[in-house]
Amino acid sequence: MADRQKTLGILLAAHLVAAPLPASESCTEDAMIVFDGSGSMAETGFNQIGEARIFEARAAMRRALPGIASARRLGLIVYGPGEACQSVDLLFGPEPDAASRIIGAVDALEPAGDTPLTEAVFEAARVLDYRARPGAIVLVTDGKETCGGAPCQLAAELAADGADLTVHVIGFKVRGEHFGWASQGETDYTRATAVARCLADRTGGLYVSAETVDELVSALRVTLGCAVLGLAAPATRLR
């Protein structure tokens, strides 16, 4: 796991050109994207300036996924909209050339509801048959678990029982509880870490903090593109 983290970290920091892989170099492990569709994805910044997170996330998906999906089977789970804390929606399991299906689903998403991210990640692991074969999960989240799940407990279980399952966590515009004007925004409010970071730490994955569309594109390419893909756009912050 340490070697994998080191390799992915080097790719994330590098300024490399993204390109689809030849078929002979395609990723061998299936991957699931777990996408945060909760109500907070409809929010803008603390001062109501800028676009809602969901618009930026859609733009990043449109840019990143076509090259990734040409080399890897991808599936999608969305959580948030629907009945409170029961809103984990398995849209489809891993399939080839899934970019258009994922982009269409995210474009159609109307963020709402709570954040059952622990249950969503477990569902993704189940779909990947994590006890029997390797796989990868990329969780894109802007917030915390709000439905009573215990992501760190799940992380320990996946690490103990999984057949080399890796969970990467992309914290997109994650914010703390409070904003302080005195320090001009340089507070825990703007530098928060998603509670789900332990899912990456315990399974040998990456936790990546993304604040812009470019950073989110880079994070998606590195975490979903496999270690053999030279895929970083502008460098993101690796924590």
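User: Which residues does Asp30 touch, not counting residues up to four places away in sequence?

Analyst: Please note that this is a predicted model. Contact means heavy atoms within 4.5 Å. Asp30 touches Arg72, Arg73, Pro94, Leu128, Arg133, Gly135 and Ala136. With Arg73 there is a polar contact between the two side chains, at 2.9 Å.

User: Where does Asp30 lie, and does Asp30 count as buried or exposed?

Analyst: Asp30 lies in the loop between helix H1 (2-13) and E1. Buried means under 20% relative accessible area. Asp30 has 9% relative accessibility and therefore counts as buried.

User: Which residues of helix H3 are buried?

Analyst: In H3 (residues 99-108), the buried residues are Ala99, Ile102, Ile103 and Val106. They are on the same side of H3 because they cover an arc of only 95° around the axis. Ser100 and Ala108, on the other side of H3, are exposed. The buried residues of H3 pack against strands E1 (31-36), E2 (74-79) and E3 (88-95), and against helix H2 (53-69).

User: How are H2 and H3 oriented to each other?

Analyst: Angles over 145 degrees count as roughly antiparallel. The axes of H2 and H3 cross at roughly 175° and come within 9 Å. H2 and H3 are therefore roughly antiparallel to each other. On the H2 side, the contact is made by Ile54, Arg58, Met61, Arg62, Leu65, Pro66 and Ala69; on the H3 side, by Ala99, Ile102, Ile103, Val106 and Asp107.

User: How many nonpolar, polar and charged residues does the contact of H2 with H3 have?

Analyst: By class, this contact has 9 nonpolar and 3 charged residues, and no polar residues.

How values were computed: Residues numbered from 1 in each chain as written. Predicted model: local features only at pLDDT ≥ 70, side-chain atom pairs only at ≥ 80, totals over all residues. Heavy atoms only, no water. Buried < 20%, exposed > 50% of the residue type's maximum accessible area, 1.4 Å probe, protein only. Helix = DSSP H or I, 4+ residues; strand = E, 2+ residues; numbered from the N terminus. Arc of directions from axis to C-beta. Polar contact = N/O pair within 3.5 Å; in protein donor to acceptor, adjacent residues only side chain to side chain. Axes fitted to C-alpha atoms, helices over the stretch in contact; angles between N-to-C directions. Parallel < 35°, antiparallel > 145°, perpendicular 65-115°, else oblique. Nonpolar A, V, L, I, M, F, W, Y, C, P; charged D, E, K, R; others polar.
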